[in-house]
Amino acid sequence: MEQQNLNNHEKQDMDDDDYIDDSFPVSTKVIGWGIAAIAFAIFAVTFNNSGMVLRAGFFGKAFAVLIGALLGWGGALIGDALCRFARPSAVFTQGGFFSLVFLKLFWIAGPQVIGLAIGVMLGISQVLSRI
């Protein structure tokens, strides 16, 4: 009986050596902000009627979307880091329930959205101003 337990234990050890971690190495927040940056960059270039956008060709607009999405993604991640650093553990308000809801929603996604918008607009404007 004891020998059989030892044999079963050795089999488990061999299985542990072949353990492969199938978890996804990238956080879902990082992917989500990347998708949001791409969508916002496409939206910003498509519905913008300024002279910079109107005089740019297809490849100029595509490059502006690419750079804008990359900078927006970076801005959202910087905003996320700032949010994690500066988020208060408790909020106090004198404005009532809706003021509390606004404060909670702001600290959930406010700095990230601000960083995303600044990054996308900065990237698009830098590319299109040079065309």
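## How helices 2 and 5 meet

In this predicted model, the axes of helix 2 and helix 5 come within 10 Å and cross at roughly 45°. Axes here are lines fitted to C-alpha atoms over the stretch in contact, with angles from 0 to 180 degrees between N-to-C directions. Helix 2 is therefore oblique to helix 5 (under 35 degrees is roughly parallel, over 145 roughly antiparallel, 65 to 115 roughly perpendicular, and the rest oblique). The crossing is right-handed, meaning the near helix is turned clockwise from the far one by less than a right angle. Helices are DSSP runs (H or I, at least four residues), numbered from the N terminus.

Residues making the contact (heavy atoms within 4.5 Å) include Trp 33, Phe 40 and Val 45 of helix 2 and Gln 112, Leu 116 and Ile 124 of helix 5.

## A buried glutamine

Gln 112 sits in helix 5 and is buried, at 2% relative accessible area (buried is under 20%, with a 1.4 Å probe and protein chains only). Its side chain makes a polar contact of 3.0 Å with that of Asp 80 (N or O atoms within 3.5 Å, one able to donate a hydrogen and the other to accept it). Leaving out residues up to four places away in sequence, Gln 112 also touches Trp 33, Ala 76, Gly 79 and Cys 83.

## The largest nonpolar core

Twelve residues form the largest nonpolar core, among them Ala 41, Val 45, Val 65 and Ile 124 (buried Ala, Val, Leu, Ile, Met, Phe, Trp, Tyr and Cys joined through side-chain atoms within 4.5 Å). Helix 2 (28-46), helix 4 (58-86) and helix 5 (97-129) each give two or more, and helix 5 gives the most, with four.

## Notes on the model

Residues are numbered from 1 along each chain as its sequence is written, and side-chain values use heavy atoms, without hydrogens or water. Local features need pLDDT of at least 70 and side-chain atom pairs 80 or more, while totals for chains, interfaces and linings use all residues.

Terms used. Buried means under 20% relative accessible area, exposed over 50%, partly exposed in between (1.4 Å probe, protein chains only).
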